[in-house]
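Visitor: I would like to learn how to read the features of a model like this one. Please show me the structure, then take me through it.

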Amino acid sequence: LPTELRLGNAAQDNPPPTRTGIAPSRLLRNRRRNSLLDPPRPRGERLLNRPVAGRVFGWIGPMEGLAAMASFFFAYLVAGWRPWEVLPSSGDLYLQATTMTMAGIVMAQVGAGLAWRTNSRSLFTVGLFSNRLLLVGIGVEVGMIALLAYVPGLAGVFHMSSIGLWHWLFLLLWPPLVIGLEEARKSVVRRRLARDPAGGTPIRC
């Protein structure tokens with residue numbers, strides 16, 4: 001699994017962050033007023049400040065961890081394993097479970113990549129599919145999982161295995177789940193700001 005994770009990070013640290021970094025979230029223009037929706041970030045403000053760190057390690061990160069572990073056990077459950085039985089630690093089923101683990105992380109990151117486009121404003125106000133480079137990055141991530149799972153030579157090298165329809169249906173639950181939980185968090189933030197607009201650190205996007 002460490003090999004798969006390193007490869008996944010290689011895929012995720014290229015097109016996806018590139019499209020996120022140049023996403024127009026903070027430069028989105030109001031079509032009616034033709035003006036910036038949010039002020040520029042102060043020069044002295046750290047990229048990884050306390051709110052961002054809390055969002056990463058206290059919210060998005062645990063969701064991705066849950067996606068990984070749930071996907072791992074789902075592969076065993078679909079194959080007939082039950083919680084009171086010993087988990088196989090080798091063989092085709094084990095490879096399928098580790099493939100699902102990696103795929104679960106990627107699919108949760110698909111939702112996170114979309115959700116991270118805004119901080120307090122609803123994602124749907126900027127358009128779910130308005131960033132084309134974001135969609136390219138998502139395609140690269142998902143495409144790499146498919147290549148590693150279904151191309152025999154690659155699957156053998158990276159210790160992965162093909163997964164079935166039920167596995168993909170389970171994986172497809174994670175992007176909307178992550179987005180939905182993030183939308184709930186943003187709604188709480190907006191209500192808090194509405195009650196006390198002058199309090200705390202300004203939240204952009």
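Guide: Start with a rule. A salt bridge is a side-chain nitrogen of Lys or Arg within 4 Å of a carboxyl oxygen of Asp or Glu. Now a case: E183 forms a salt bridge with K186, and their closest N and O atoms are 3.6 Å apart.

Visitor: What should I know about the model itself?

Guide: It is a predicted model: local features need pLDDT of at least 70, side-chain atom pairs count only at pLDDT 80 or more, and totals for chains, interfaces and linings use all residues. Residues are numbered from 1 along each chain as its sequence is written, and side-chain values use heavy atoms, with hydrogens and water left out.

Visitor: How many salt bridges does the rule give?

Guide: The general idea comes first. Side chains of opposite charge can pair when their charged atoms come close. Here the count comes to 2 salt bridges. One is the E183 and K186 pair. Another joins the side chains of R185 and E182, at 2.6 Å from N to O.

Visitor: How far apart in helix 8 are E183 and K186?

Guide: Helices (H or I, at least four residues) and strands (E, at least two) are DSSP runs, numbered from the N terminus. E183 and K186 are 3 residues apart in helix 8, so about one helical turn separates them. R185 and E182 also lie in helix 8, 3 residues apart, about one turn of the helix.

Visitor: Are R185 and E182 buried or exposed?

Guide: Buried means under 20% relative accessible area, exposed over 50%, and partly exposed in between (1.4 Å probe, protein chains only). R185 counts as buried because its relative accessibility is 19%. E182 counts as buried at 0%. E183 and K186 are both buried too.

Visitor: What lies across from R185 in space?

Guide: Take S120. S120 and R185 are 65 residues apart in sequence, yet 8.1 Å apart in space, C-alpha to C-alpha. S120 lies in the loop between helix 4 (92-115) and helix 5 (132-150). S120 has 9% relative accessibility, so it counts as buried.

Visitor: Which residues does E64 contact?

Guide: Contact means heavy atoms within 4.5 Å. Leaving aside neighbours within four places in sequence, E64 is in contact with I105, A108, Q109 and A112. E64 is found in helix 3 (residues 50-78). E64 counts as buried because its relative accessibility is 17%.

Visitor: How do I read a surface patch?

Guide: Patches are made of residues with over 30% relative accessible area and no salt bridge: like charges are joined within 9 Å, nonpolar side chains (Val, Leu, Ile, Met, Phe, Trp, Tyr) within 5 Å. Accessible areas come from the Shrake-Rupley method with a 1.4 Å probe; for residues, only the protein chains shown count as cover. V78, L165, W166, L169 and L172 form a nonpolar patch, with about 550 Å² of accessible area together. Helix 7 (residues 165-171) gives the most to that patch, with 3 residues. L169 lies in helix 7, and at 40% relative accessibility L169 counts as partly exposed.

Visitor: Which residues make the patch of positive charge?

Guide: Lys and Arg count as positive and Asp and Glu as negative; His and the chain ends are not counted. The place of a charge is NZ of Lys, CZ of Arg, CG of Asp or CD of Glu. R190, R191, R192 and R195 gather in the positive patch on the surface. R192 lies in helix 8 (residues 174-195). R192 is exposed, with a relative accessible area of 53%.

Visitor: And the protein chain as a whole?

Guide: The chain has 8 helices and 0 strands. Buried residues make up 38% of its 205 residues.
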